[in-house]
Each structure stands twice: as C-alpha cells, then as structure tokens.
Amino acid sequence: MLLLLRSRSKPTTEPRTRRQWGAERRSEPLSIVHPVPSGAKITWGRVGIVVTILSWIGYVVSTIVREFIDYGGNFRFTMEAFSYLVVVTFLTFSALMYLVARQGALLRFRDHVRAPRGMIDRHFADTTSERLTVLIPSYAEEPDVVRLTLWSAALQEYPDLHLVLLIDDPPAPTDPEVRAKLEATRRLAPDIMESLAAPRERFQASLELATAELASGPVRRRSVKVLLKEYRAAAAWLEEMASAEDVVDHVSEFFVDQVLMGLANELSLTALALEAALEQGGLPDSGRILELHRRLAWIFRADLTSFERKAYGSLSHEANKAMNVNAYLGLMGHVWRPNETAAGIMLDEVETPRPGDIVIPDSGYVLTLDADSQLLRDYCIRLVYYLEQTENQHVAIIQTPYSSFRGAPTRIERIAGASTDLQHILHQGKTHHNATFWVGANAVIRKRALEDIVEVENVAGYDIKTYIQDRTVIEDTESSIDIGSAGWALVNYPERLSYSATPPDFGSLVVQRRRWANGGLLILPKLWEQVRHRRHSRTRVHLVELALRVNYMASIAWASFGLLFLLFYPYDSRLLSPLIVGAALPYFIAMGSDLRACGHRFTDIFRIYGFNLVLLPVNLAGVLKSIQQAFTGEKIPFARTPKVRDRTAAPGLHVLVPYLIVLFSLLTAWRDFHQENWGNFGFAMFNAILASAAISAYIGVRASFVDMGLGVLNWLFVEPKPKAPAKQVATDDDTIDWAAILYYGDRRLARDLRRRGDRRRRLRRSEG
C-alpha cells in the first residue's frame, strides 16, 4: 500500500527563483483536516481571553485613574494619558478579537466530522445537482501560472462542471511580447480540453456500458474487474501527466504532488480496495459500482472556454476584477447576438439562437477562483454537498480560506505565508460567531443569492449588472455585507482545500497589502445599515459578531495610526505599566502556538512584528486612500498584485519610511537612556532591532537603495503626455464616417458637417 502513495517533487529544470538563506525548507502542505485540539488548549484559550480583559481593566484603574487621583495632571499630561489610553485600548481590542476568533476556530476543529466519501457519492447519485460554473478572472497573468489553476479546477469531481477563463487583457495589443503572452493564455482552455478528450471519452463509455450491464442483471466479478482496470488507468494517466510536468518552483511542485499525485493516490487507493474485494469475495452492490464509474467520468468531464469582455462595447470596461466577473454573470442564462457597430461589437439579447450567436447557460452555483490559486481534489463536491443539505439552504457563499504554498524560496514570502496561515484560522473562527467574510480567492456561491443583490444601470441603452460591488478594491468584503443584508449567510468550510500564491518580493507585496488596507472604513456604514435592518426585523445581532466584523474592517486603520503614535511620540513614563505587557502576552503566546501548529516557528512572532513595521507606510497609504475616497467619492483603481518571476520595484517612499522608523527609534532610545526612562528605552530598541532585521531580510539593503533611487528619478522625470487627437467626422479626402453618424446621431457631428459645408461654399465663391 505504501507504494501507492507516491509523490514527485524533484525539480526537472532550474528553479526560477533563487532560494534565500532563512527561506522555508518544508514543501509538503499541512493535512486537509485540522487536528482535533486538546481540551487543555481550548481551556488555555479561554484563560488568555480572561487575562487580556482583566489586564486592560487593571491598567485603566491602577495607572490612568490612579495618576489623576493621586497627582492630577496638567493639560499636556491629560491629553497624553487620553491618547495613550485610546491607542492601548484599540490595540488590546484587536488582540482580544484574535483570541476570540481563534477560540471559535478551535471549537469548530474539535466538532468537525468529515462527511464519508460514500455518503457524498450517494447524495450526488440520488440528486440532480445544478450546474457549477467556475469563473477565473485573469489580467496580464503568467500563462503557466493560470494553466495550473485551470488544471486544478478542471480535475474537480462534479457532475456538470463548466470553466470560464475571463481574460481581461486588451484584446489587440501592439507589443509583440504582450501579444504572444495573450495568445498563450487564449490557448490554455482549448489545450486542456484536448488533453482531457481521451480519458473523457474512455470513462464516459465505460460508465454507459456499466449502466447497461448492471441494469440487466446482478453484479458479477467481471464488472468489478472492469472497474478496477478503469481506476488503474485513470491513476496511470495522472501519474504520466505528473512525470511530464516541469517542477520549476514550489507552486508547480504543489501542483504535481498535491493536485495530480494526490488525486492519483486516491484513485489508486480505491483500486486497492476493489482488488481486495475480489480477493476476499465480497463484491460491492450495483449502486456503488455505478457511483464509482460516475466518479471517473465526472473527474475528466469538465468543459473549458474563455471569454473577453473588452471585445464587446456593450459590456463594462471598468478596470477591476469585480466588473470582469460581473460582466459574465450578467450574460448567464441568455442568448446574445454580436452586432457590429461604429462603437464596436455590441451584444444584443435574442430569444432563439442561430449560428454565430453566443449562448451562455445559466448555473445554479458559481465558483470564483483567482488565477494564482489551486484547489485540492474534492473542493467542489464537498462544498456543494454542504450547500445542498436541508439545514444549509440559507447559506449563499461557502469557501475554504486559502492557505499559503509551502517551500517559499524568499524570506518575505515565508513570513507573508505564515500570516496567511494565521488568517485561515481566524476566518474559521469568525464562522463560529456568524461573522464570516468572503475572502475572495475562492468561493462557491449560489447564483440565486447573487440575483438578490444585483444592481442594474442602463448605460447607452445597455443594462450593466453589478452583482459584486466595485466601489472599493476589497470587493469581497463589501459583497459579504450585501449578502448578509439580503438575508443570506456565509460559511467557511473547516478544511484546507485551497491554496493561493503569496507575493515573492517586497514590491509586489506592497501592491497587495495597500489594496487590502483600502476600503474597510468605507464599508462600515453598510455594516451599521445591516445591523439596523436586522434589529428592525427582530433578528438578534450578537455583540461578538459585531465586534469581529468591525475589527476586520477597521483594525488596519487604528493599528497603523496607533503604532505611529507609539513609535514617534515620547509619552510620559508614568503611563507605562507591566499590565500592558500582560494584556498583550496572551495574544503573542497564542500566535506563537498557532504558528507552530501551522508548521512555522514560535519565534516567527518577532519576524511578523518586524514585517508589520516595514508595512506600516503601506497600510497607512491604503487607509489614507480610503479617507480620500470618502471625501471625493471617486473609485480607487484596482491595483493587481504583480505575478512575475523577477523582483518588483517598490515605491521609494514605502522603502524610505522603514529606515526613518529605525533612525527615530535609535534617537528615542538615546534620549530615553540619558533620561533613565528604561521602559521607553526598551521599547525603542526593540523596534529598532526588529525593523532593521526586517529591512535586511524582507526588502534587502541593496534593493532598497535601488528603489529609493528610482523613486527620486521618477519624481524628477515627467513624461510628456501626448495630446489626444481630435475626433473628426470627415477625413482629409472628404470621406464622411457615415457609420458613426448613423450610430451616434450626435448633434455635434452635424454641426461639424455644416461648418465643413460652409467652408466649401466660401471657397467656391472665392474661386468664382
């Protein structure tokens, strides 16, 4: 049996990213099912929550209140005490929310019982499941990255699976390299369909033969032998594909070992069980044999295609992922006829299709999947099985919060991945308190729930449907509030079934984290509206749920400004107290324990602290963008995280600020040393050391000076903007653009024509 559990992780070509010292050595991911936490771990989690609350109360009474009672205070001390208490309170609140969410996750992991495979197979055999459409938005992505995502989704076991790659690149680029990259992306879907053709036909024919044979008589050994042969053939096909794959990095290694070989091992295990049944004389019943035949047919049955919204003038061209998905969602369930106009190709809805029309079938479920994510083998079938249970009919969105790919070759990717694994745990805990947020990288959504929140706007005679709001760049968070306001629920499935890439360098991480920090404050009013609506309808809103939601949307703002105050303002030493450390200690101990449980190191808590220090300007920039957007009402352009193999340059200011943090911390430490203010001295030195280590490890001293130099050059160099050519109705050869006139009917065009005619008449009179 051990021979069946094979893997293949040895690189076949030179790795594309050079491994750094201190990078992650472990490449195998954690188990799909979380280990059951011990009773002691759950008990200590409760103790940590109580200690945090009591320490904060003790600090307020023993330090703040006592100082005012015993000594009073002038205006400066009063303002310092007030601001310091506000900062400490907000930071303690975030630490408390971590412990509360973590405790909810532990309880969910303890109570989770994985549905048996036979029960799932029986459900889908007895139930006609609705179509599942997988939407994979892609913009300027590396084709080999998108290919792995497509394959991981195409090999999902589901009765009716349809994959659509939503290509958002400009449809006609002039750059040869960009054009070649786009053509390679366009070929992905047909290439995968061609690769799946042979196993699809084989296993579908085998299913039909087995259905006819078992309908005419009882199960015979021959039927089991045929099924055994088919499972061995399917496993061999996957193993052959795995052997042909180029393992060039930890992401492709994951694809080979966990997606391809993971599925092959599972099929081989089923073959082993069938072989044992033949040897022991106990044959499965006819229903089970048909279920196993259907499983093979469903694995290789996926239908793949691609769609480009920018090829059609009647669809929204807003530059963000949300509207890319919305454009296709708005077309589903209808027949569309392309119509050539002066404004481009328009899609007109028709009732009866004819050759050349675009038929986009509707779907009961929609799976949104980022182009740099991968799904494990039974993601779809388990999540849809959960949705189709009677008690879960109110659930609109179910997901498994993504984990990070292991074996990161850079230090910053390893630490960013560690924080991602912590977020996976916290999101699981939010579900325990009914505070789930759609994370965005992957989710199965009921199409019916999306229809409940759709907004329709008529633009130039065409309806633009918005299901997922694009007002902010964290569209998944805002959509979570919309879904909840419509009476639906969101759930995190308590298993690790999805993985997503982490930016490999500081420059690309800046783009991602600045996007994450933007928009939370703008969505808070929607949350208050939802709370008022639920209270009006007599639906209870638990305080813990509300606290977790507010912390999720606003904690980046208050944590960034709070840390800024602690770093740069010299607070009075009388405000310091060991109770502050007591309030923070359970948080750091719990985080270290969670890091170890996720395969990281306990000491990574210090690396994550330094990581957050160098990200301070990034988070502040995102928060300030939210404030700017609140005043201007303008949409913030969606900045996609670069999916490139080489280093991405970071903005010079974001690199400069971490150096300023180090210098100012050293200056503060020097001043506090001479003033014998040992508490502030220790805090300043702690920040200086960790920030220096983070700059060296995550940005790189040489790279940081290069980025700051580029920032200065970009600031000094202003590229002249070319003047936009004026629109003309007639060309130099007096040819009138009749198609534009007939389509637009613009009175300005008519005025231009009249002026041109007047000029001609004046010329004729002068010549006469």
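These legends describe close-up views of a predicted model. Residues are numbered from 1 along each chain as its sequence is written, and side-chain values use heavy atoms, leaving out hydrogens and water. Local features need pLDDT of at least 70 and side-chain atom pairs count only at pLDDT 80 or more, while totals for chains, interfaces and linings use all residues.

**View 1. The whole chain.**
The chain has 25 helices and 15 strands. Helices (H or I, at least four residues) and strands (E, at least two) are DSSP runs, numbered from the N terminus. Of the 768 residues, 52% are buried. Buried means under 20% relative accessible area, exposed over 50%, and partly exposed in between (1.4 Å probe, protein chains only).

**View 2**
Strand 12 (residues 455-459) and strand 13 run antiparallel, joined by five bridges. Two strands pair if DSSP finds at least two bridges between them. Asn458 stands opposite Asp463 in strand 13. Two residues lie between the strands, and Ala460 takes a positive phi near 55° in this hairpin.

**View 3. The two faces of strand 13.**
In a regular strand the side chains alternate between the two faces of the sheet. Which side chains of strand 13 (residues 462-466) are buried? Tyr462, Ile464 and Thr466 are, and they point to one face.

**View 4. The salt bridge of Arg295 and Glu157.**
A salt bridge is a side-chain nitrogen of Lys or Arg within 4 Å of a carboxyl oxygen of Asp or Glu. By this rule the count is 35. In the salt bridge of Arg295 with Glu157, the closest N and O atoms are 3.1 Å apart. Arg295 lies in helix 9 (residues 286-299) and Glu157 in the loop between helix 4 (143-154) and strand 2 (161-167), so the pair ties together parts 138 residues apart in sequence. Arg295 is buried, at 4% relative accessible area. Glu157 is buried too, at 3%.

**View 5. The salt bridge of Arg337 and Asp357.**
Here the closest N and O atoms are 2.8 Å apart. Arg337 sits in strand 4 (residues 334-341), and Asp357 in the loop between strand 5 (344-350) and strand 6 (358-360). Both Arg337 and Asp357 are buried.

**View 6. The salt bridge of Asp604 and Arg414.**
These side chains meet at 3.0 Å, N to O. The pair links helix 19 (residues 604-614), which holds Asp604, to helix 12 (residues 411-432), which holds Arg414. Asp604 is buried, with a relative accessible area of 0%. Arg414 is buried, with 5%.
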